Every structure is written in structure tokens, then in C-alpha cells.
Amino acid sequence: MKQVFTTLLLLAQTMILYSQQVKVVSSADLQPVSNCLIYNTSQTKSVTTNTNGIADITQFGKADTLVFKHLAYAKVVLSMNDQSIKNGTVFLADAIFRLDEVVFSANKTEEKPEDLANHIDIIPLKQIQSINPQTTADLLQQTGNVFVQQSQLGGGSPVIRGMESNRVLLVVDGVRLNNAIYRAGHLQNAITLDPNILQRAEVVHGPGSVIYGSDAMGGVMHFYTRNPQLSTTDKVLSTANVMLKYGSAASEKAGNIGFNAGWKKFGVLFSASYKDIGDLKAGSNRDSKYGDWGKCLYYAERINDKDSMVANGDPLVQKYSGYKQYDILLKTLFQPDTKHRLVLNTQFSNSGNISRYDRLTEMSGGKLKYAEWYYGPQTRALVSLRSEWLNPVKAYDNAALTAAWQYISEDRISRSFGKSKRKHQEETVNVLTLNADLMKKIFKSCELRYGFEGNFNMVDSKAYNEKMSDGSITYDVATRYPDDGSSMLSLAAYASNNWEITDKLIFSQGLRLSHVSLRSQYTQEMMDLLKFPFSSTISQDNTAFNGSLGLVVMPGAGWRFAANLSSGFRAPNVDDISKLNDSNSSDQLIIVPNPELKPEYSYNAELTIGKTIDERFKAEVTGFYTLLTNAFVARPSLYNGQDSILFDGTLSAVQSLQNAEKATIAGIEAGITARLTKILSLKSNITYTYGHVKDDDVPLDHIPPLFGLTSLNLSLTKFSAEFYSRYNGWKHIEDYSPGGEDNQTYATADGMPSWYTLNLRTGYQLNKNLGIQLAVENILDRHYRYFASGISAPGRNIVISLRGNF
């Protein structure tokens, strides 16, 4: 027995001595690549890497040539004598487009993008970290696929296919963020989502009303935060991450820390972010034709209890544009078995005061119009509980139930220059939602998805004047919304089906029934103050059917054709019907309530043509046309028989949201991705949109000019670089809408000039735990503004970041 044991021991030592292992890692971040398939070119032998990225390749002969293949990475072919294999480490570069990508936003369940007729953009984690955005709105903007308007630095209002604000839908982790006071103007709520905690984001272009209901007329932006990771062993899985960032253009100082603790059945994830952003400096390379346009020549300052106009020492610095914000996320995951999981999701975001920079630059009679105009601390809290079942039963194969509560607080504080009273308008919204989403496979190639949704909003609106001298309060000012409370209830059911007729032909259908009710109430005191020409109670009930039909044809040779017909709708919310507000005080316009406003509808047709060549080239172009009926447009109106009224001391022309019989939006979205060499790739996309109100024969508002992005990407072991250009075409003044939302006041006399920027991002992975990023944005230090924006974009901006994963 002793001889046998000795022989076995020698044999084991010999096997270890002559075994050959290779480790496969990502060249970008040096992390191990699991499930990488390794096979010889004759395809007679193969092996797969384990969770540590390691595989035993002893079975292969010295004459073999090995192929390393993973759907998320570019394929690598190496001989057994290659130095990489001899050294025991093979590096894989990221694929320029992933073949294993799936989307969740289109039908609320996992789908392959090529099976869907919708145009959907995917923003994965690596791209989010590479962009290293200041806000989530900035993330969307820097993809080049979404246009973003800004009224102040602490904001960003996404535009998809010429639709903005409450015509597009924001969703986080399956919970809709749009609420009853999402306005028709420019919306800044996207910044309450922390980009540092996102796992991925998906942007659905075109109506998503069948799956998501009201508001999803122009598209859906669905953000997915990271989930706790569980341990696969008896040991606790503990990980941590940290990010530190500095940006020169606004003296931005930002950081994020995160922790994950995972057991076999239970996991916890915590994340906290903080940013301190100073006043933004615009570019110095200016067009002399437009003089001081975009400069901040003066700002208001309180000196000896009096407002003073102070000359700005550096007019490129946009005074009072800075702000602070912190974001917290806590997620817990309980997974008792492979068929059930429960996720408790808690999010909290809070900003300091965010100055409305565009309003602070307005002049009246040779002096500043406002001494103060800022959003008070903007707060968003969310608590959701999501339960998932993966055990097939008669009614479903998998199902998810999500219950959520949200709290939103938005305050507007303003004071006219030289005045002694500060006006406060304070809004709070509580939202309760319940979603059930189920999937059942009818037969092998046909899947039915169906669900139910309930959404209840409660709005509280207050307003008062605060005397500067002693802080005393008087309630002699109009509230933004009905002061005795408002509520909205939405109930809906939907069903959609994807039928894979053949592997080359996929037919999809969808239908949704929605009912939306609204109730708002004014007190008699407010009715007496404002002398409204309608009842103190506003009430609406609206019901709508929406449908979609999609067809995808993949005839072969890399060609793909997709056609989609869909409808969308939007029921008027509390903001649409009852808001009293100056749309743009420089244009001297006042928006008054219109309780008779009816729902608007969209009918969309789009056609996509795409071509893919191996894993090296992909081009796609989408043409779309949208017909809006009963479209909400701002038009001149009467208020108690008058076309102008005195509001906040300014004689303003009266407008209200009204239904236009017809409006149209049409455009083209195109993109190309190509791998030029093993280390060099090219990506470019461009969007053109046109909008017109047929009734009034005027341009439709919110329509951006031509915009896009082109980038050249270099990928080496440990090092990556992206040289890119962002560009916008002209928005001529005659193409502006007369309704005021396009903000002609903040443009030049000719409109918004075209522009382009040159930019560079680099990243170097010091080791598997630490990486450093360096970027130079707007290298040429150009001065420019985005269409409809009231603040100029950053000048030359040097950004440095450090990321650690432990």
C-alpha cells in the first residue's frame, strides 16, 4: 500500500508539473473573464474558463491554434507558441457591439434587441464609467443619441424625437418617475438619479404607451441600478468600490463609495455619492458677431441690506450656477431558492439650492430683473419592494410584482431685484404604484406578456411671501397648483406578444387599456384672489386604448429590416390643466389654467434598415413619422376677457395650453460602428428632427436641430482612449415655436448658432484594483449653447478621476 500511495503521489505531481493553464482577462480593467470558450481551429477540442478566468489547456497540442471567444469581447486567435499563452495570460478587448446583449425596457422582460421592431439604445456599465458623467442627464447627452436642454447647471431635460418633459417617460428599476406635476416645459428631474450606481440604461425611441401608459409618447428612458451580489461559496462575498473626481470648468469635486456583502441567500448593497459643483465657466473662443451674448456681465449681491448690481470680474464665469447634491442607495436581496427573489430598494437624493441661472441673467429697464431665483432643496425618496417568481405555473412562466412609494419635494423661491419680499412656491408629491408583469410561453416560438398597473398621485401646493427684514410671512400670493390639493389615479392593463414565425421573421403585437382620473380643488380664498373664470373644482376622467404592431425580417447576409406602427397617449396632468406660471418672464408671457384640456394622442410609423458584417461593422438607419392629434400647444388666450394681465409686477400676454387638431414630427436616426483594426474602432451617430403645427402653420416647440457624435476609440492592454467630436446644427430663429418654450430670449437674434467640440478621454488601469481616467473636454474652448438652453456649456474642462474596486 505504501508503494501504491507513493506511485499515485508521484503521478499527481507529474500531472501538475506538465499541466498548462491560461488566465483570460479583460484588457480594459484586468478583471477575469469567465465562461470564455477556448477551442482549436479544427474544433475537435474545447474548454471554458472558470469564474476566475482560468482554463486548463493541457489537452491542446503544440501545433494547435486556439480561438478565444466570448460574446462580450472581440475574438482572439493565437498559436500555442504565442508568448501570451506561454506567459499564461490572454487579454481580450471589448467587442464594439455585443452579440449577447439583451434589453428589458421594451416589454419589461428579457429580449434580444434584434428581435424587436423598436429602436433601442443600450448604455452598459463600462460606457457609463468611461463617460464619467456629472449627472444622469449628462450621461444621456454624451451618448450623442439624446438631446438635452439646460436652464441651469443643476438640471438637464432630455428630448427624444422632438418630445420632452412629460411627453417622455423616466423609469428607474421598474418604477415610473413621471408624476402629476411633470411639466410641459423643460424638466430637470433626471439629475435626481445618481449615475454612479447605474448598472445600465436603456433608451426606447418612439411611443412606449402599450407597456408604460401615459407620458411615454416620445420614448422611455429606463435606468437600472446595481443589485447585491450573492456568494457562491460558504464565505461572505465582500466587495467595495470608490470613485474620486475633479473637473476644472466648474471646480467640480465629486466622490462615490459603495459596499456589497453577499451570503448564499442574502445580500446587501450600499452606495453614497456627493458632489460640490462651483460656478461654471463658459468657453472663451467666441463669435464676435454676437458681442456679449452668453456673457455674465453683472450679478446681484446683497450689500448692507440692499440689492446691488455687481460687475462680474470674469464674464465667462456664470455666477451662482453651482450647487451641491448627495445621493444614497440601499438595496437588500433575499433569494431563498432559484425560483424566487425579493428585492427591497431604497433611494434618496437631495440637492442644495439650485439657482435658475437663466432667470438670474434677465434684464428689465437696464437692471437685473431678479435678485434671487432658485429651486430650494430638491428631494426625491423612493422605497420599492419587488418580488420575482421563476417557477412556471398555469398562468405564467415568470412573474414580477413591484410596489413602490415615492416622495418628491420641489420649491421655487424668487425675489425681484430691489424688492423686500421673497416669494415661495412649495410643492410636494406622494406617489403610490403597483405593477404586475407576467410572461407565459404559449408555444416554443410565441411568448405572451401581460400585466396590470395602478398609480396614485397626491399633490400639495403652497405659496407665501417672506419679508426680508423680519422673516414674517403673508399668504397673499398665488400657488402654482390648486391650493386645496390635487390627485391623479391611473389604472391600466396591457398584453403584448412576440411570435417568432421563423428564425428570420418575427411578428409582435401589443394592446393597452388605460383609465386616468384627475381631481383638483381651489380654496375660496384663492378663487377670490385670482378671480378664476371657472369652478373651484377641476375634474377629468379619460380612457384610452393604445396598440402596436411590429415586424422584423432578417433575410440573411447580415441584413435586418424592422417596421413598427404604434400609438401613444397622454392624459392631462395637474401641471397641464391647472398651472399658473410665467412661461418666460423676458418674453412677458403668462400661462393660465385650462380645465377643458383634452388628452393628446400620437400615431407613429418607423422603418429601420440595418447591416452587420461579422463582428466588425454595423450600420443602421431609422426613419420615423409621428402624427399628433389634440396636441398640447401654448396659444394666446383670454383671462376674464383680457389678453394681458399684471403678474408679479409685469404686464404679461395671456397664454394657455390648448389642443391643436394636428401636429407632425418626422426625422431620421442613423448610426455606424466599425472595427478598423484590432485596436482601433469608429462610432458615429446623427439625428435630424422636424416638427410642425398644422393648425397654426408654425414650428412645433421642443424640436432640436441636427445633432450627433463621432468618436475614434483606441483599446490597448491597460490603456484606452477616445477622441470624439460632438456637434449641433443651426436652429434659425424662424424655426422657433412662438409659444415660448423654445426660449428665444436666450438665443441670438439669428437663433442658436451651430457648433462642434473636440474632446479626448483616456483611461489607464494601474492594476486590477485601481484605474485612473483623464479627459479634456471642449479642447478648443469654444463658447456654445444647446438649443432652448439658458446657460452656456462648459468651456475647456480637464477631468481627472480615480476608481478603485476591492
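1. R761 and E722 make a salt bridge in this predicted model, with their closest N and O atoms 2.7 Å apart. R761 sits in strand β50 and E722 in strand β47, so to speak distant parts of the chain, 39 residues apart. R761 is buried because its relative accessible area is 7%, under the 20% cut-off, and E722 counts as buried too, at 12%.

2. Salt bridges with shared partners also join R302, D307, E372, R415, R422 and E466 into one network. The total count of salt bridges comes to 39.

3. D173 pairs with K331, and their closest N and O atoms are 3.8 Å apart. D173 is buried at 13% relative accessibility, and K331 is buried at 3%.

4. For a pair with other surroundings, have a look at D234 and K264, whose closest N and O atoms are 3.0 Å apart. D234 is exposed, at 74% relative accessible area, while K264 is partly exposed, at 47%.

5. Strand β52 gives the largest share, 3 residues. I798 lies in that strand and is partly exposed at 42% relative accessibility.

6. Finally, the second largest pocket has a volume of about 880 Å³. Among its 33 lining residues, S416, F647, D648, G649 and T650 are the closest to its centre. The lining divides into 13 nonpolar, 10 polar and 10 charged residues.

Conventions:
Residues are numbered from 1 along each chain as its sequence is written. This is a predicted model: local features need pLDDT of at least 70, side-chain atom pairs count only at pLDDT 80 or more; totals for chains, interfaces and linings use all residues. Side-chain values use heavy atoms; hydrogens and water are left out. On a 1 Å grid over the protein atoms alone, a cavity is a set of points where a 1.4 Å probe fits but cannot get out, and a pocket is an open set with protein on both sides within 12 Å along at least five of seven lines; lining residues have an atom within 4 Å of a point. Grid points are joined across faces, edges and corners, and a volume is the space filled by probe spheres set on the points. Ala, Val, Leu, Ile, Met, Phe, Trp, Tyr, Cys and Pro count as nonpolar, Asp, Glu, Lys and Arg as charged, and the others, Gly among them, as polar. Helices (H or I, at least four residues) and strands (E, at least two) are DSSP runs, numbered from the N terminus. Buried means under 20% relative accessible area, exposed over 50%, partly exposed in between (1.4 Å probe, protein chains only). A salt bridge is a side-chain nitrogen of Lys or Arg within 4 Å of a carboxyl oxygen of Asp or Glu.
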